[in-house]
Amino acid sequence: RDPYRYKLRHENFIATEGMYTGQFVYCGKKASLNVGNCAPLGSLPEGTVVCNVEGKAGDRGALARASGNHAIVISQNPDAGKTRIKLPSGSKKVVCSASRAVIGIVAGGGRID
């Protein structure tokens with residue numbers, strides 16, 4: 001919903017596998033754990049497969065965006081507000097727990113160029 005007017009908002013997202021036309025996508029701290037929803041990393045359980053992860057909170061997604069890619073939430077540190085994720089390259093990165101991510105794998109995997 002639009003916070004200022006009585007209407008729905010239309011935004012462009014990177015498609016994840018399992019999304020369909022007309023699907024409602026929810027964003028925010030209270031978003032359910034469904035494919036395509038966008039939530040802060042701090043509210044996701046360990047082992048969750050995510051994509052389009054923000055490197056710094058608020059940068060609109062920078063990590064794991066190519067077709068077929070995904071990152072995995074490895075561990076949470078609620079005291080420091082940090083989350084450890086495993087990137088598609090295999091390296092592990094510590095990012096802020098307030099950084100958002102889309103749940104699921106980016107669509108279009110299995111391409112042969």
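This is a predicted model: local features need pLDDT of at least 70, side-chain atom pairs count only at pLDDT 80 or more; totals for chains, interfaces and linings use all residues.
User: What makes the contact between E54 and R100 a salt bridge?
Analyst: The side chains of E54 and R100 meet at 2.7 Å, N to O. The cut-off is within 4 Å for a side-chain nitrogen of Lys or Arg and a carboxyl oxygen of Asp or Glu, so the pair qualifies. The count by this rule is one salt bridge.

User: Where in the chain do E54 and R100 lie?
Analyst: E54 is in the loop between β2 (49-51) and β3 (71-77), and R100 is in strand β6 (residues 100-103). The two are 46 residues apart, and the pair links distant parts of the chain.

User: Why is E54 called buried?
Analyst: E54 has a relative accessible area of 2%. Buried means under 20%, so E54 is buried.

User: Why does R100 count as partly exposed?
Analyst: R100 has 36% relative accessibility. Buried is under 20% and exposed is over 50%, so a value in between makes R100 partly exposed.

User: Why is Y4 called exposed?
Analyst: The relative accessible area of Y4 is 73%. The label needs a value over 50%, so Y4 is exposed. Y4 lies in the segment before β1 (38-40).

User: How do you know that β1 and β6 pair?
Analyst: Three bridges join these antiparallel strands. Pairing needs at least two bridges, so β1 and β6 pair. In β6, A101 is the bridge partner of A39.

User: What makes β2 and β6 a pair?
Analyst: Two bridges connect β2 and β6 in the antiparallel sense. The requirement is at least two, so β2 and β6 pair. I103 in β6 stands opposite V50.

How values were computed: Residues are numbered from 1 along each chain as its sequence is written. Side-chain values use heavy atoms; hydrogens and water are left out. Helices (H or I, at least four residues) and strands (E, at least two) are DSSP runs, numbered from the N terminus. Buried means under 20% relative accessible area, exposed over 50%, partly exposed in between (1.4 Å probe, protein chains only).
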